[in-house]
Amino acid sequence: PAAAPPGGSGCAPRARGPSPGRCGSDICYGGSDAAAELRARLRAVRHTVLVLSGKGGVGKSTFSALLAHGLAADETKQVALLDIDICGPSIPKMMGLEGEQVHQSGSGWSPVYVEENLGVMSVGFLLSSPDDAVIWRGPKKNGLIKQFLRDVDWGEVDYLIVDTPPGTSDEHLSIVQYLSATHIDGAVIVTTPQEVSLQDVRKEINFCRKVKLPIIGVVENMSGFVCPKCKNESQIFPPTTGGAEKMCQNLSVSLLGKVPLDPQIGKSCDRGQSFLAEAPESPATLSYRKIIQIKDFCSSSFTRKL
């Protein structure tokens, strides 16, 4: 079981599996040996993509899950999905892995696999119940993120997708700094069309530029709704200031695509199934297939790194 963090008992859920170690108040690798271990572990990861959002509730974790499913549809590619939303780990449910546990071997923690070429790691696998609250301060979160990167035996991975919590806080600083020892292809930022979401996305873009994190582009989620019967389109979240398209033009950022609302997406995620497989002809699926072409961006980024 995981030990409670500093601050008294009851501050953290009882966890199944290895306990995250403690690190200092500053973001650190834990010494040169730890940095070397991290680089050695991630040397077999070809491409790393962070999924960010300024605001919660915009469908960021849903996008991360479907991006992983979409990339893994190519059976020649090995895909890993890392959930570092420590306080709200929804990836296990969306991937149909609730109740699964993490196992440890001589080579490290073993990911939980959806398919042979799609592995997942999340703090949700360490909790005794999906309803347990993770009440941890920044250093405790940083320590777990470092362990996920250094101690998980991902093996050879073509794409590592990292689902982050909303905002620009401890988890984001940690993942960027830890991965700076290796290589990050860039970030995909998810938003909805209304201005209240775009305000926070502008902050997220500013964060990426300050920490020198490349921005692959922006995805506008919940972008209109096409009635399956009458085929009329409604704007559930009206883009009062021009939506993501206008914002991207103003900030010189690529708009990767617009994903329309489809009630089937929520149903598929609740069942832990891939929406892309269940609704291959949906307009939302067609949008996702276009967005998945970020793999071309990753390939050019990998070439530049070499």
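A salt bridge is taken here as a side-chain nitrogen of Lys or Arg within 4 Å of a carboxyl oxygen of Asp or Glu. The structure holds eleven such salt bridges. The model is predicted: local features need pLDDT of at least 70, side-chain atom pairs count only at pLDDT 80 or more, and totals for chains, interfaces and linings use all residues. Residues are numbered from 1 along each chain as its sequence is written, and side-chain values use heavy atoms, with hydrogens and water left out.

One of the salt bridges is formed by the side chains of Arg41 and Asp153, at 3.5 Å from N to O. Arg41 belongs to helix H1 (residues 32-42) and Asp153 to the loop between helix H4 (138-151) and strand S7 (157-163), so the pair ties together parts that are 112 residues apart in sequence. Helices (H or I, at least four residues) and strands (E, at least two) are DSSP runs, numbered from the N terminus. For accessibility, buried means under 20% relative accessible area, exposed over 50%, and partly exposed in between, with a 1.4 Å probe and protein chains only. Arg41 counts as partly exposed because its relative accessibility is 22%; Asp153, at 27%, likewise counts as partly exposed.

The side chains of Asp163 and Lys60 form another salt bridge, with an N to O distance of 3.1 Å. This pair links distant parts of the chain, Asp163 being in strand S7 and Lys60 in helix H2, 103 residues apart. Asp163 is buried, with a relative accessible area of 0%, and Lys60 is buried at 5%. A further salt bridge joins the side chains of Glu98 and Lys93 (3.5 Å, N to O). Glu98 is partly exposed, with a relative accessible area of 44%, and Lys93 is partly exposed at 37%. Salt bridges that share partners also join Lys55, Asp200 and Lys203 into one network.

Strand S7, which holds Asp163, is mostly covered, as seven of its seven residues are buried. Two strands are said to pair if DSSP finds at least two bridges between them. S1 and S7 run parallel and are joined by six bridges; the partner of Val51 in S7 is Asp163. Strand S2 (residues 79-83) also pairs with S7 in the parallel sense, over five bridges, and Val79 stands opposite Tyr159 in S7.

Lys60 is also part of an annotated site. The UniProt annotation "binding site", from an unreviewed entry, covers Gly54, Lys55, Gly56, Gly57, Val58, Gly59, Lys60 and Ser61. UniProt positions are given in the numbering used here, feature names are shortened, and annotations may be inferred rather than shown by experiment. Contact is defined as heavy atoms within 4.5 Å. With residues up to four places away in sequence not counted, Lys60 touches Val51, Leu52, Ser53, Asp85, Asp163, Thr164, Pro165, Pro166 and Val190. The side chains of Lys60 and Ser61 are joined by a polar contact of 3.4 Å. A polar contact is a pair of N or O atoms within 3.5 Å; within protein, one must be able to donate a hydrogen and the other to accept it, and residues adjacent in sequence count only if both atoms are side-chain atoms.

Gly59 lies in the loop between strand S1 (45-52) and helix H2 (60-72). Gly59 counts as buried because its relative accessibility is 16%. Beyond its neighbours within four places in sequence, Gly59 is in contact with Val190, Asn221 and Met222.
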